[in-house]
Amino acid sequence: MKSAFRVLERMVDTGSDILDLIPWSKLIKGLCGTGKMREATRILEIVEESGDDVVVDVSAYNFVINGHCNAGNVDMALQLFDRMKVSPTVVTYNMLLKGLCNSGKHDRALELLDRMKVARDAITYNTLLKGLCRSGELDRALQLLDQMKADKFLDKTRRRSSNSNVVPYNIVVEGFCKEGRLDDAIKFIKEMPSTYGCNPDVVTYNILIVGFCKEGRLDDAIMLMKVMSSTYGYTPNVFSYTSLIHALCKKKKLDRAMKYIDLMVSQGCLPDIVTYNTLLSGLCKDGKVEAAVKMLNQLSRNGCSPTLITYTIVIDGLAREGNLSQTKDPFDDLEELGITPNEMAYNSVMYGLCQTGQTDRAIEFLSYMVRKGLKPNHYSYWILIKGIASEGLTEEAQELCDELGARGIVINASAKYMLN
């Protein structure tokens with residue numbers, strides 16, 4: 001590559017019209033896409049140095065600026081921005097704003113906002129709001145909202161699209177929730193219509209529902225689901241219910257979680273596979289594996305096809321309960337559906353076998369796993385070493401551990417600790 005650049009540089013220096021013959025803009029885009037920023041930057045410099053015969057398109061600058069920002073070299077991107085030979089577009093500014101925010105340089109981002117010589121768009125403001133909220137600077141985010149209101153920008157977006165209009169407020173609501181300031185989030189939502197002339201939407205409420213669920217305030221989450229329906233006529237969707245079901249499962253309130261599945265169906269909101277996986281995981285972790293198997297067998301009749309994750313959850317539950325006689329059926333189902341079990345599914349079965357003193361079967365299962373074309377991971381070997389050691393074969397477990405180490409396979413420290 002270096003020699004190719006030298007040839008290119010010599011041809012340009014000798015007045016060759018090579019730049020008219022090669023698709024240098026596409027080359028820059030390709031290099032940026034593969035992270036080769038030094039090469040992309042050098043090609044752009046060669047083009048810039050070629051004189052007025054070759055016009056540098058703004059898209060070429062955008063490719064390189066965006067590449068530097070994605071690589072965390074926002075200072076390099078700014079240097080390139082300052083020497084641009086064409087006028088930047090709003091896309092150029094938005095890339096730089098995102099790069100600055102991702103680097104935590106919010107002061108410089110706001111300074112760049114003030115320097116913008118083109119009309120700002122929704123991406124401009126939303127990028128800044130996300131950056132400020134992500135770093136917990138909610139007060140500055142609110143100040144930016146006030147600036148957007150003063151600039152009449154919110155009025156313009158409201159006229160163009162009601163959906164895009166609510167996005168900035170949802171970003172702020174999510175910021176409050178991330179900081180655990182749920183009461184401030186509620187206050188903000190209540191003031192949205194009067195202060196900003198915008199009503200919350202179903203996404204707004206879902207963000208707050210998730211916030212309540214993460215803080216364990218399940219009653220508030222349930223009340224909010226009722227309010228969103230009675231006040232604004234928004235029907236809770238699959239995401240709303242799944243968030244609540246996940247929180248109920250974490251609290252081991254499985255019976256209530258099951259009832260919400262029935263409530264969803266009665267209201268015409270059909271659970272999706274994520275909802276079912278959430279509940280299946282909760283049932284298995286609570287030791288209610290039989291109920292999980294029963295639900296698994298009913299999924300297809302409910303119009304929801306199980307996925308590999310679904311089977312892995314149930315297999316793991318069966319294995320940990322020592323009820324391995326039933327694991328054959330899910331594996332047969334997987335093969336019938338054309339789904340290949342992954343390492344996690346096999347590891348779950350091996351763990352269950354070792355837990356019930358069937359380490360010899362676990363070793364056979366490892367061989368079966370390899371024959372199926374899967375490569376055991378560190379956890380696979382950790383399971384076997386632990387199983388062998390638990391049967392009193394400490395010396396054999398140590399030999400296996402040493403052999404794996406010689407092959408460059410690093411074993412979990414807890415497995416080595418058991419052998420000492």
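This is a predicted model: local features need pLDDT of at least 70, side-chain atom pairs count only at pLDDT 80 or more; totals for chains, interfaces and linings use all residues.
**View 1. Packing of helix α5 against helix α6.**
Helix α5 spans residues 58-70 and helix α6 spans residues 74-82. Their axes come within 7 Å and cross at roughly 160°. An angle over 145 degrees counts as roughly antiparallel, and α5 and α6 are therefore roughly antiparallel to each other. The crossing in which α5 passes α6 is left-handed. On the α5 side the contact involves Y61, V64, I65, H68 and C69; on the α6 side it involves V74, M76, A77, L80 and F81. Sorted by class, the residues of this contact are 9 nonpolar and 1 polar, with no charged residues.

**View 2. Packing of helix α8 against helix α9.**
Helix α8 covers residues 106-115, and helix α9 covers residues 122-134. The two pack at an angle of about 160°, and their axes lie 11 Å apart. That angle makes α8 roughly antiparallel to α9. α8 passes α9 in a crossing that is left-handed. From α8, the residues H106, A109, L110 and L113 make the contact; from α9, the contributors are T124, L128, G131 and L132. The contact of α8 with α9 comprises 5 nonpolar and 3 polar residues, and no charged ones.

T127 is located in helix α9. Its relative accessible area is 15%. Buried means under 20%, so T127 is classed as buried. The T127 side chain reaches the backbone oxygen of I123, at a distance of 2.6 Å. When neighbours within four places in sequence are left aside, T127 is in contact with L97, K98 and C101.

With a relative accessible area of 3%, C133 is buried. Not counting residues up to four places away in sequence, C133 touches L138, A141, I171, V172, G175 and K178. One of these residues, G175, is 42 residues from C133 in sequence, while the C-alpha atoms of C133 and G175 are 4.7 Å apart in space.

Notes: Residues are numbered from 1 along each chain as its sequence is written. Side-chain values use heavy atoms; hydrogens and water are left out. Axes are lines fitted to C-alpha atoms, for helices over the stretch in contact, and angles run from 0 to 180 degrees between N-to-C directions. Helices (H or I, at least four residues) and strands (E, at least two) are DSSP runs, numbered from the N terminus. Angles under 35 degrees count as roughly parallel, over 145 as roughly antiparallel, 65 to 115 as roughly perpendicular and the rest as oblique. A crossing is left-handed if the near helix is turned anticlockwise from the far one by less than a right angle, and right-handed if clockwise. Contact means heavy atoms within 4.5 Å. Ala, Val, Leu, Ile, Met, Phe, Trp, Tyr, Cys and Pro count as nonpolar, Asp, Glu, Lys and Arg as charged, and the others, Gly among them, as polar. Buried means under 20% relative accessible area, exposed over 50%, partly exposed in between (1.4 Å probe, protein chains only). A polar contact is a pair of N or O atoms within 3.5 Å; within protein, one must be able to donate a hydrogen and the other to accept it, and residues adjacent in sequence count only if both atoms are side-chain atoms.
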